[in-house]
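Have a look at the picture below, and then we'll go through it chain by chain.

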Amino acid sequence: MSFEYAAYLALILTGTLALQRAFRIQLPARRLVVAVLPVAAFFIAWDVLAVDAGHWSFNPEFLLGLFIGNQPVEEIAFFIVVPTFYVVAWEISKKRMQGKKKTKTTRNSRAISGKPSKIGGRKA
Amino acid sequence: MMEYTAAAVAMFLAGLGLNLKFNPVFRKNQAAIMVATGIVVVAQLVFDNLTVATGFWHFNDAATLGIRIPFMPLENLFFGLALFLFTALFWEWSPRSHRRSSG
């Protein structure tokens with residue numbers, strides 16, 4: 001029994017929560033569950049089939065040793081933790097880009113409104 | 001042969017297609033897509049290479065193209081991007097608790 005894979009997931013989760021707090025990302029639990037669970041179920045099903053087919057395998061040296069079918073519990077947790085990180089990454093990206101868009105729009109609307117700017121504000 | 005390659009690329013394309021067709025937030029935020037994709041790719045390159053190099057997972061070379069960057073199979077990149085695309089799709093579809101009234 002070893003906890004490296006679990007520790008790796010804990011590290012990703014800690015980073016995700018730190019980013020969420022730093023960027024003030026809203027993560028309503030219900031919305032997160034509704035979004036993440038179907039994706040997790042689908043990708044776990046893929047994982048089950050892939051392990052059965054021998055596409056990849058897990059090294060028991062790094063696992064807690066608890067399995068559900070052919071899936072270590074860490075692998076199931078992976079499909080909850082990583083999509084949560086992806087949601088935070090997606091929300092940060094949207095927030096940053098929308099912020100940039102707003103700044104640009106404000107600048108453009110100032111230019112269009114005809115208010116004299118510091119440069120070229122005098123009429124000839 | 002190369003079943004993981006085929007599955008990962010198919011899932012990536014399916015995720016991309018579904019987002020373009022059914023996720024207006026995704027379509028309208030192309031700059032955000034680029035930034036988020038960058039974050040996902042960098043995170044995956046760092047974490048997957050660490051774990052694959054350490055030996056958490058073993059990948060069957062018969063199921064892949066055999067291209068590694070540098071330890072992680074190329075297919076993992078498509079797997080991660082597919083996971084991101086499906087997560088973004090379901091996140092935007094999931095009901096928000098506080099909706100602003102349009103009136």
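Reading from the N terminus, its elements go α-α-β-β-β-α. Bear in mind that this is a predicted model.

Chain B has four helices and one strand, and from the N terminus its order is α-α-α-β-α. Chain B is more spread out than a compact globule, because its radius of gyration is 16 Å, well over the 13 Å that the globule rule gives for 103 residues. Its C-alpha atoms fill a box of roughly 60 × 25 × 25 Å along the principal axes.

Here are the two chains next to each other:

| Chain | Residues | Share counted as buried |
|---|---|---|
| Chain A | 124 residues | 25% |
| Chain B | 103 residues | 35% |

What about contacts within each chain? Taking contacts in chain A with a separation of 6 or more, 74% are between residues 24 or more positions apart. For chain B, counting contacts between residues at least 6 apart in sequence, 75% join residues at least 24 apart.

**Where the chains meet**

How many residues of chain A are in contact with chain B? There are 31 of them, and they touch 28 residues of chain B. On the chain A side, the elements that give two or more residues are helix H1 (4–22), H2, strand E1 (56–58) and H3. H2(A) gives the largest share, 11 residues. Sorted by kind, this side of chain A divides into 22 nonpolar residues, five polar and four charged.

The strands join in too. E1(A) and strand E1 of chain B (residues 57–59) run antiparallel, and three bridges join them. In this pairing, Trp56(A) stands opposite Phe59(B).

**The core**

Now for the largest nonpolar core, which has 41 residues. Tyr86(A), Ala89(A), Ala8(B), Ala82(B), Leu83(B) and Leu85(B) are the ones that touch the most other members. From chain A, helices H2 (29–53) and H3 (73–112) each supply at least two residues of this core, and so do helices H1 (3–22), H3 (30–54) and H4 (74–93) of chain B. Which helix gives the largest share of this core? That would be H4(B), with 12 residues.

H4(B) deserves a look of its own. This helix has 20 residues and reaches 29 Å from its first C-alpha to its last, close to the 28 Å expected at 1.5 Å a residue. H4(B) is mostly covered, with 16 of its 20 residues buried. Setting aside neighbours within four places in sequence, Leu85(B) is in contact with Phe12(B), Gly15(B), Leu16(B) and Asn19(B).

**One residue up close**

To finish, find Val82(A), which sits in helix H3 of chain A. Is Val82(A) buried or exposed? Val82(A) counts as buried because it has 26 C-beta neighbours inside 10 Å, and the cut-off for buried is 20 or more. Beyond its neighbours within four places in sequence, Val82(A) is in contact with Ile12(A) and Leu83(B). As for Gln71(A), that residue is 11 residues from Val82(A) in sequence and 16 Å from it in space, C-alpha to C-alpha.

Technical notes
Residues are numbered from 1 along each chain as its sequence is written. Chains are lettered from A and ligands numbered from 1 in the order in which they are written. This is a predicted model: local features need pLDDT of at least 70, side-chain atom pairs count only at pLDDT 80 or more; totals for chains, interfaces and linings use all residues. A nonpolar core is a set of buried Ala, Val, Leu, Ile, Met, Phe, Trp, Tyr and Cys residues joined through C-beta atoms within 7 Å. A residue is buried if 20 or more other C-beta atoms lie within 10 Å of its own, exposed if 12 or fewer, and partly exposed in between; C-beta atoms are placed from the backbone. Two residues are in contact if their C-beta atoms, placed from the backbone, lie within 7 Å. The radius of gyration is taken over C-alpha atoms; the globule rule is 2.2 Å times the number of residues to the power 0.38. Ala, Val, Leu, Ile, Met, Phe, Trp, Tyr, Cys and Pro count as nonpolar, Asp, Glu, Lys and Arg as charged, and the others, Gly among them, as polar. Two strands pair if DSSP finds at least two bridges between them. The expected span of a helix is 1.5 Å times one less than its number of residues.
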